[in-house]
Amino acid sequence: MGRGGHFRKGRGGGRGGKRSRDDKGGGHQPYTRYPEVVKQNDRLERYYNDLLQLPEEEREQFWAALKRELPNSFRFCGSKGHALAVKNLLQTRYIPEITRITYDGAIVEPPKPVPWYPDGLAWWMTTPKNVVRKFPPFSAFQKFLVSETSVGNISRQEVVSMIPPLLMDLRPGMTVLDMCAAPGSKAAQLLEMIHRGEEARIRHVIKQFGGSVDEIKSADEDAARLEADPSDDGRATGMLIANDADYKRSHMLIHQLKRLSSPNMIVTNHDATMYPSLRIPNPEDPTKPNYLKFDRILADVPCSGDGTLRKNVNLWKDWAPAAALGLHLTQVRILVRALQMLKPGGRMVYSTCSMNPVENESVVAAAIERCGGPDKIEIVDCADQLPLLQRKPGMRKWQIMDKSGRVWNSWQEVEDHAKSTEDGITPSRLVESMFPRPEGNICADLPLERCMRVYAHQQDTGGFFITVLHKKAEFKAKPEEIRPKEKKQAPKRPLEEAESTEEAKKQKTEADEAAKTEDVVIEETPVEPVEEVKAEEVAPIEETPATETPAETPAETPTETPKEAPKEGEAQPERKQKQQGPYEEPFKYLPADHEVIKNIADFYKISSRFPSDRYMIRNATGEPAKAIYYTSALVRDILVMNEGRGVKFIHGGVKMYVKQDAPSAEVCRWRIQSEGMPILHGYVGPERVVVLKKKETLRKLLIEMFPKIANDEWKKLDEIGERVRDLALGCCVLRVEPDGDDPEFNEHMALPLWKSFQSLNLMLPKEDRTAMLLRIYNDTTPLINMGIKRDTPKEGAEPKKEGEEEVKAEEQVKDAEGDVSMKEEPTA
């Protein structure tokens, strides 16, 4: 999507700005009031008035909408059933209170569902901030939003940003690549689609083989059928690879997606124009290399972002046509590379938050032309999808504004102008692929009207562009056009195209090789990434000033020579490639018969139906040290088979076990991590399971950290008291299965519970406990740390230092990353 960072200058005053040199870190910095940006730009308005040709009344609505603030919007996340449950809470608990508010004699408009989003899982609100701050019901609603966002049940996301995943027809079992994924809101949507119906499928299979879990009714009946993804006992077999070119933003992506606890996800850090081919097993002939082709691809590309004028108000003063012109070739390269990696019959979505055709229709036409024309790539008609979404058709004819503000209607007009000048040079940055295709061109009659344009005034949103493409057959990509040399070379911009003749020769070489095998391992020269911001996302992102970088190599330009590529039909050993960028710990898989894995399986009595050959660690020694991760089979194959091939893997899998201090040798030193519990709990034997059915028992465990169980204190834990009294020490599964007495307490959960000599501890981060208390009980009671309530010291004993008990108890509950030891409480 658009990156507002292309225009922002003087970022020090913003949220992500660097500290002033005069700020020594000790004093409060005075608030600086910046002058309000004047929402007017003559060149911007002239260009779009001439381009869009809207009727006068609609033109006024168009500009008026762009000058208004954008409504706040959010989406309910997770499995469909869970998301519907959280949404129901909003409708039954908070909306009725808000609708009772009157302000200036009028009823305040409450949050309302976005009309075109499926199942009403996206909402927005236009209530002014001064009203939100003034009335308690809005304060309670705000706490609910913040709480549920912190645990991943709600995503703050602009509504137009939600559109692309909905048009991808992504189903369980498919592989999908998000090429420019950070900060991750759309990637989260894709991940949810991969896991649709999984919990119901797994419970159904476990029940068939005598497991103790209850079956649940899924809100998504089609995806819950085993036939939807049958090959791995109901577990999801699809995969998402989320990529971003910026290393820091790729870690932001991990933070966003970790909340979904998916073993079917990989995060990579690559320039999307040169995304490497990934090796996968070849079951037909293991001696021959086989490379992954994706079922679905999302290319939400870097853009000038003028569709975000409502949010990025600095664009009103900073907008210039050069920004879009400078990104055109990069966008084409990303789209061509995406189409190369898409399997025949696959579907991809190209989108931007720009309204400029040079970044939209012209990119689509240029990429299709390079990929063999409409016989190979088809623009999908999505008019029948999201019927309540108001949109405009894509453009078949458009004009291009150059850096000076002059508007051009065709490439022929540019060439005629160049011939009339003494030096014969075309205006800076203009290339032929930016313009509509002339008669006789293979793409002259492309149905570009099938593209979708969303404007701010239509449904009170930001501006957006979306195109859905279908790959009909494999193709040999044509080399990129060579830009005409300019009389005076301007300084190279970030993400700007390479211009030398030598590079153009390399383009052709790679295009030929890619068409033959699509197997070439692409090495990259180090390129300092540009700090970018997804302009359509709601949450402000920290930024650093963009630095000038070398021009990036085009998508079809390898830096290795063709002789190093494997010959067709022959596997050759590959040279180990040096990792570029910051060091990342390697991904090492443990054998199924590893002593630690056997010990874990024996302690938790894990069913043999749970795969034991997918456990992975992240250190060079290959031995478990702090944490053990779990991945799907496909993720494992990709991480193993592409080791040493120059692929920059940043993250993969789910943290399943964390090393733990244990009171005796009989207690397993590896406890189940909260994010891995939803995957594993159904396979844990009944010896390590505690079943909780009553609402008040759960409330006690949430509010009280380290509730006592010694000296008959276990009796206070109602239906689980006797069970935890007799349970062996160590980690176990607390399975929450509501008894049905309370219609508002119906959520099935599995949580990690640790039993020590004296007490229990529900191994959840504080924010998870707080969010569950608010969601289930509408309770904001502060948590009580029972671990700091000690008996008075014995006579003559040295008194404990102030705060020592609190520190020790706090050490026990740290669980943010799962690799902090939980020290055992002393016996009485």
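Biologist: Which residues of α13 are buried?

Modeller: In this predicted model, the buried residues of α13 are Glu-361, Ser-362, Val-363, Val-364, Ala-365, Ala-366, Ala-367, Ile-368 and Arg-370. Helix α13 spans residues 361–370, and nine of its ten residues are buried.

Biologist: Why is Lys-471 called buried?

Modeller: Buried means under 20% relative accessible area. Lys-471 has a relative accessible area of 0%, so Lys-471 is buried.

Biologist: What makes the contact of Glu-474 and Lys-471 a salt bridge?

Modeller: The rule asks for a side-chain nitrogen of Lys or Arg within 4 Å of a carboxyl oxygen of Asp or Glu. For Glu-474 and Lys-471 the N to O distance is 3.0 Å, so the pair counts as a salt bridge.

Biologist: How many salt bridges does this rule give?

Modeller: The count comes to 38 salt bridges. One of them joins Lys-186 and Asp-300, whose closest N and O atoms are 2.9 Å apart. This pair links distant parts of the chain, with Lys-186 in helix α7 (residues 185–194) and Asp-300 in strand β12 (residues 294–300), 114 residues apart. Both Lys-186 and Asp-300 are buried. There is also a network of salt bridges, which links Arg-68, Arg-310 and Asp-460.

Biologist: Which parts of the chain does the salt bridge of Lys-695 and Asp-742 link?

Modeller: The side chains of Lys-695 and Asp-742 meet at 2.9 Å, N to O. Lys-695 is in helix α20 (residues 695–703), while Asp-742 is in the loop between β28 (730–736) and β29 (749–755), 47 residues apart.

Biologist: Are Lys-695 and Asp-742 buried or partly exposed?

Modeller: Lys-695 has 18% relative accessibility, which is under 20%, so Lys-695 counts as buried. Asp-742 has 26%, so Asp-742 counts as partly exposed.

Biologist: Which residues make the contact between α7 and α10?

Modeller: Ser-185, Ala-187, Ala-188 and Leu-191 of α7 meet Leu-253, Gln-256 and Leu-257 of α10. The crossing of α7 past α10 is right-handed.

Biologist: What is the order of the strands in the open sheet of four strands?

Modeller: The order is β4-β5-β1-β6, with antiparallel pairing.

Biologist: What makes β4 and β6 edge strands?

Modeller: Each of them, β4 (112–113) and β6 (154–156), pairs on one side only.

Biologist: How do you know that β4 and β5 pair?

Modeller: Pairing takes at least two bridges. Between β4 and β5 (residues 122–125) there are two bridges in the antiparallel sense, so the strands count as paired. Pro-113 stands opposite Trp-123 in β5.

Biologist: Which strands does helix α5 lie across?

Modeller: Helix α5 (residues 136–150) lies across β1 (72–76), β5 and β6, at about 100° to β6.

Conventions: Residues numbered from 1 in each chain as written. Predicted model: local features only at pLDDT ≥ 70, side-chain atom pairs only at ≥ 80, totals over all residues. Heavy atoms only, no water. Buried < 20%, exposed > 50% of the residue type's maximum accessible area, 1.4 Å probe, protein only. Contact = heavy atoms within 4.5 Å. Axes fitted to C-alpha atoms, helices over the stretch in contact; angles between N-to-C directions. Left-handed = near helix turned anticlockwise from the far one by under 90°.
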